[in-house]
Amino acid sequence: MLQLYSQNEFKRKSTISKILEIDLIPVSFEKDKTKSNIIKFLGADETRYSLSEKAPISPCLMSFQIDHSPFPRYWIKKRSLESIKSFERERDTFFKIRNDLLKDNKYAGKYVAILNGKVVGSDENKSSLAKRVYEKHGYVPIYMEKLSKKKRVRELPSPERWV
Amino acid sequence: MPHFDSTFDPPAATLRVNVHNPLRTKSKRSKGKLDTGADISVIPEDLVEELNLQPSGEEPVLGYDGSLSIKRKYFVYISFSGFSFFTDVLSSPRSNVLLGRDVLNQLRIFLSGKENIFTISDP
């Protein structure tokens, strides 16, 4: 499980605190060839950073550097950043209350929708749930996830030639 | 009967696809490649901004080389050949749409690589 760190946690764990005194927004999580976790960030100043976590389980941070790889253009738009922050709040809420929801027969095995820190809908069909919650609450970032003890991994084994 | 798209090497089954945001206020046309190896459909990440899509979830994704990454999901309408599906898709830095089995398994598809043709219908 990859870990998300708040800015304060980064300050505690990293020795390069000067660089970290900016608002960092995590934008992608990847693993490199040595199985290290790579977390990429966008700073409020639109500078790009990446953080390499050597041990997959330990939170020990091994390096922190400015990342020169291109980020998708849309991350840089401020509107997207607001949307991402809001979405991540709902996601964090889901993981906080997930175990309680799993014990509740009303929700177990169903898709749930989280908005403003609470469950605003549930359904066995994710598309029906999405239509209903967007109709009721507007088209805003709403976290929707199936309540299941098993975590699913999607496969996208579609390599393409680079022309 | 549609022919395989020979701009791909080897040629691939592709369709003209319309991607709409859930409000159906914005849409974008794109090339969609039929990909029976993909568990979930994928849209080019440029569309996230162009259609003002709001994230609806995240998925761990395993690539062809075993690399694991976490990608955001977005609900969209995907329309092609008279069919329309409201489903969640991933975004990725690519130029065309991948139609994965989340969509393709709702249809009857016949691929003939030998003749470079395919048919698509709703059983």
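Helices (H or I, at least four residues) and strands (E, at least two) are taken here as DSSP runs, numbered from the N terminus. With that in hand, welcome to this predicted model, in which chain B holds 2 helices and 9 strands. Chain A and chain B touch through 33 residues of chain A and 34 residues of chain B.

**Chain B on its own**
- Along the sequence, the elements of chain B come in the order β-β-β-α-β-β-β-β-α-β-β.
- Chain B is as compact as a globular protein of its length, because its radius of gyration of 14 Å is close to the 14 Å that the globule rule gives for 123 residues.
- Along the principal axes, the C-alpha atoms of chain B fill a box of roughly 40 × 35 × 25 Å.
- Of the 123 residues in chain B, 37% are buried.
- Taking contacts in chain B between residues at least 6 apart in sequence, 55% link residues at least 24 apart.

**Where the chains meet**
- On the side of chain A that touches chain B, the elements that each supply at least two residues include helix H2 (78–103), helix H3 (126–137) and strand E1 (24–31).
- That side of chain A counts 18 nonpolar, 5 polar and 10 charged residues.
- Strand E8 (154–156) of chain A runs parallel to strand E4 (residues 55–63) of chain B, joined by 3 bridges.
- Within this pairing, Leu156(A) sits opposite Gly63(B).

**The nonpolar core**
- The largest nonpolar core has 39 residues, and Ala113(A), Val19(B), Val42(B) and Val76(B) have the most contacts inside it.
- Beyond its neighbours within four places in sequence, Val19(B) contacts residues including Ile43(B), Leu47(B), Leu51(B), Val76(B) and Val97(B).

Note on methods. Residues numbered from 1 in each chain as written. Chains lettered and ligands numbered in written order. Predicted model: local features only at pLDDT ≥ 70, side-chain atom pairs only at ≥ 80, totals over all residues. Contact = placed C-beta atoms within 7 Å. Nonpolar A, V, L, I, M, F, W, Y, C, P; charged D, E, K, R; others polar. Pairing = 2+ DSSP bridges. Core = buried A, V, L, I, M, F, W, Y, C linked by C-beta atoms within 7 Å. Buried ≥ 20, exposed ≤ 12 C-beta atoms within 10 Å, placed from the backbone. Rg over C-alpha atoms; globule rule 2.2 N^0.38 Å.
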